[in-house]
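Please examine the sequence and the structure shown below. The paragraphs that follow lead through them step by step.

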Amino acid sequence: MDALDGNAIGGLLQEVFGADMTAAVGTCAFCGRVGPVAETVVYLRAPGTVVRCRTCGNVLMVLVEVRSRKCVDLSGLAALQAS
Amino acid sequence: MEGTAVRGRLTWQVATVSQLVDETATVRTIDLQVPDWAGHQAGQHLDIRLTGDDGYRAERSYSIASAPGEPLAITVERLEDGEVSPYLTEDLRQGDQFELRGPIGLYFTWDRARDTGPLLLVAGGSGVVPLRAILRYRERTGSTTPARLLYSARTLPDVIYHDELDRYNHDHGVDVIYTLTRQQPPGWTGRTGRVNAAMLADIAWPASQNPLTFVCGPTSFVEAVADALVGLGYPAGRVKTERFGATGAPGGP
Amino acid sequence: MSPLSRGFHRRHQTPAGEEGRVPPGQYVTEDFPVLSAGPTPHTPTEKWTFSIKQGGDTEKSWSWDEMSALPHEDVTADIHCVTRWSKLDTHWQAVSIDTLLAQVNHDAGYVLAFCDGGYTTNLPLPDVTGGQAWVAFGYEGEPLPPEHGGPARLLVPHLYFWKSAKWVRGLELLDHDEPGFWETYGYNMYGDPWKEQRYAGD
């Protein structure tokens, strides 16, 4: 199953952040890669959504729906700047 | 009504199917009426949500096929083992309803006032859908931005929007280049085979013209094309990518 | 109230008479969905090892050939994914974790399975012993395909299937319950499908 990209979770991210995040710029906490969220590597088919750095493969974000509440872990991002 | 509708909470709205158009044997365009639709930008997509009798829900994302200002439409490809696409392409009837939210995704958009450079659009299969919205928007607004579409499809009958794209080619200053990868009609003089670095070197605008590129289609297609364009000197930041599942739509079948 | 989408239904229905085998909130599928948190590793068996670690040391390690020489068995199990699908009567070829742990001296209370690609998951020791857990290398009579966890995965069918870690490379023996990947992000530390222990706090 091929990975998708951050476009595929545009709706989910807008729901969580209250604004479009596909064009937001993230900085990977592991390798320092800077780029739009739309260009991250996204694994959708899982118990949660896993967003990885396209350069180093480390986990940037994990989104899980726990009892109908959306939880987001951003600890793999050193920075996230909405455009 | 053309709007930007880009900020604030996304809410689920009820859409009613107003018209169904079969584009190919497996692809259908669905026109939708959404009472409070606030408009969109060319290239954006929607999330749709179906709810069955037993409460079972399925969500999928589909690119918006229409230009801002036109009746809202999506184009869906039926996938063999899909759960949602067979329903949308075969069972759905005029008057049926489902929920949608959108528009979504500002990254993969072309705005004629904001964006510069000649346009290069590269489509793999149903990846042509958001690119057709961009071309329709370009035409509706009278833009003269040079535009070139390279569209990879398996066979000629698989080419979505074929007549419309041919009209662009001849009448509207857009170059449309098809490449048929699996089978060609007798007498076909067009390109064949998968999009590769050599084909792109031939077709792509020179990097010196500062083109803006949109690549859309299956993940492996998008990655091969984006890598090749960067190899031709295109700055990565000027190559926008949207990957669909091997399934044909962002997010899966 | 969500508008019903006329005529839309899920693809698979629970076979009549099998309802008792299906934990609450699950539906039966004939497919075998592939779920993953990352790219599929492709570890060649010549490079593959399975290790049992404790306190930073490797207590015991097996190469693919050594693992293949161990007694193995055919396992038939129903499996239940936390994403709500269940698959009945799956067939595996596997080595019991009891066989592996018998070769190590320990008094650990818990294990943390570790895998190619970095995935981890935690289990209490009593749940990986007593004939409840295996390292599986065959599925339906064929070598386990990479997308389903091959060369080998953990198989712990009495818990939600995220505990049956794909691409498993070993177990770390611990004296405490250390949350693995999904457990860290909000899933249940134990994961009993019959008690619907999907999330932390369930």
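In chain C, strand β6 (residues 110-115) and strand β11 (residues 168-174) run antiparallel and are joined by six bridges. Strands here are DSSP runs of E with at least two residues, helices are DSSP runs of H or I with at least four residues, and both are numbered from the N terminus. Two strands pair if DSSP finds at least two bridges between them. In general, the strands of a sheet pair through backbone hydrogen bonds, either parallel or antiparallel.

The model is predicted; local features need pLDDT of at least 70, side-chain atom pairs count only at pLDDT 80 or more, and totals for chains, interfaces and linings use all residues. Residues are numbered from 1 along each chain as its sequence is written, while chains are lettered from A and ligands numbered from 1 in the order in which they are written.

The two strands belong to an open sheet of five strands in chain C, with the order β3-β2-β11-β6-β7 and mixed pairing. Its edge strands, β3 (57-63) and β7 (120-124) of chain C, each pair on one side only. On average, neighbouring strands of this sheet are turned by 20 degrees against each other, direction ignored; the strand axes are lines fitted to C-alpha atoms.

The next topic is chain A and its partner. Here, 20 residues of chain A are in contact with 23 residues of chain B, where contact requires that the C-beta atoms of two residues, placed from the backbone, lie within 7 Å. On the side of chain A that touches chain B, β1 (4-5) and α1 (10-17) of chain A each supply at least two residues, and α1(A) gives the most, with four residues.

Within α1(A), the residues A:Gly10, A:Gly11, A:Leu12, A:Leu13 and A:Gln14 are buried, meaning that 20 or more other C-beta atoms, placed from the backbone, lie within 10 Å of their own. The buried residues of α1(A) pack against β5 (49-52) and β6 (59-66) of chain A, together with β3 (45-51), β4 (57-63) and β6 (97-104) of chain B. Just after α1(A), A:Gly18 takes a positive phi of about 80 degrees.

Chain B is divided into domain 1 (13-104) and domain 2 (119-244), with bounds from an automatic or database domain assignment. The C-alpha centres of these domains of chain B lie 24 Å apart, and 17 residues of domain 1 are in contact with 14 residues of domain 2.

Definitions and conventions: Axes fitted to C-alpha atoms, helices over the stretch in contact; angles between N-to-C directions. Buried ≥ 20, exposed ≤ 12 C-beta atoms within 10 Å, placed from the backbone.
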